[in-house]
Amino acid sequence: MNPQTPPHFPATSPRPEIGFITLGQSPRLDILSEMRNLLDPDLIPAERGALDGMTSRQVEALRPTGGEDTLLTRLADGTPVVVEKGMLVPLLNERIAELEDEGVGMVALLCTEAFAGLQSRGILLSPWELMCRTLRAMLPTGRIGVLGPLAAQAESVRHRWERATGLDTCVQIAPPYQESNDWSRLGEEFLREKVQVIVLDCFGYTKHVQNQ
C-alpha cells in the first residue's frame, strides 16, 4: 500500500440516536412528519410499531373481548384498530430491545397511556409522566379538560388523570381518525365546563385538531 494513500473504509449507515415506538404499525407519517419540524434536523431517528409484521388475523387476536383496558391505534395503511392494553406490553418490550440492540440510547413511546412493565436498558421517555409533571407545574389546582379517543375509555380516563394530577377532570370523546368530529361543539362543551387547560390524550390528535 502506498503510505501516502489513506486506507479506504466501507461507508456505514449513521446509527439512529433516538427511537420512536407507536402502538400500531410504522411508519406513522402523520406523527413523525410533525415531530421532525420540532427536532434537530441533524438528529437521526428510528421508528418501530408494536404491531409491525403482524397479519390482520394476528392483530384481530389482540382485540379486547370484554372488560379489558382498550386502546386505539392505527395500522400502516391507516386503518384504525382497537387492541387490549395488556397484550401490547410484551410487544412494546420487544421493540424497545430491538432499538437498544441497534445502539439507540433513547427510546420514546408515542402514546399518552400509562404502561406498567416496560423494560429498558437506556432512557425510556414516557409522555404520560411528562404530561402529568407539566400539568402539576402549570395548574396546582383547578379543572382540566381531556379529549380522549374511545367512549369505552371515558370513565377510566377521568379517574386516571384525577388520580395522577389531583385535578378535577372533564372528559370529551373524539376519535382522532374520524372526519365527522364536531370540534366546535367539543370546544363549547369544554368552555361550559370551565376547564383551564385542555389535554389531548392521544398521539393521533395532530396539529389539524389542535388548530380547530
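**The largest cavity and its lining**

A: By class, 11 nonpolar, 5 polar and 4 charged residues make up the lining of the largest cavity. (Ala, Val, Leu, Ile, Met, Phe, Trp, Tyr, Cys and Pro count as nonpolar, Asp, Glu, Lys and Arg as charged, the others, Gly among them, as polar.) This is a predicted model, where local features need pLDDT of at least 70 and side-chain atom pairs pLDDT 80 or more, while totals for chains, interfaces and linings use all residues. Residues are numbered from 1 along each chain as its sequence is written, and side-chain values use heavy atoms, without hydrogens or water.

Of its 20 lining residues, Leu 23, Leu 72, Cys 111, Cys 202 and Phe 203 sit nearest the centre. Two elements give two or more residues each to this lining, β3 (70–74) and α5 (154–165), with helices (H or I, at least four residues) and strands (E, at least two) taken from DSSP runs and numbered from the N terminus. The top contributor is β3, with 3 residues.

So, back to your question about what lines the cavity: β3 gives the most, and Phe 203 is one of the residues nearest the centre.

Methods: 1 Å grid on protein atoms, 1.4 Å probe; cavity = no way out; pocket = protein on both sides within 12 Å on 5 of 7 lines; lining within 4 Å.
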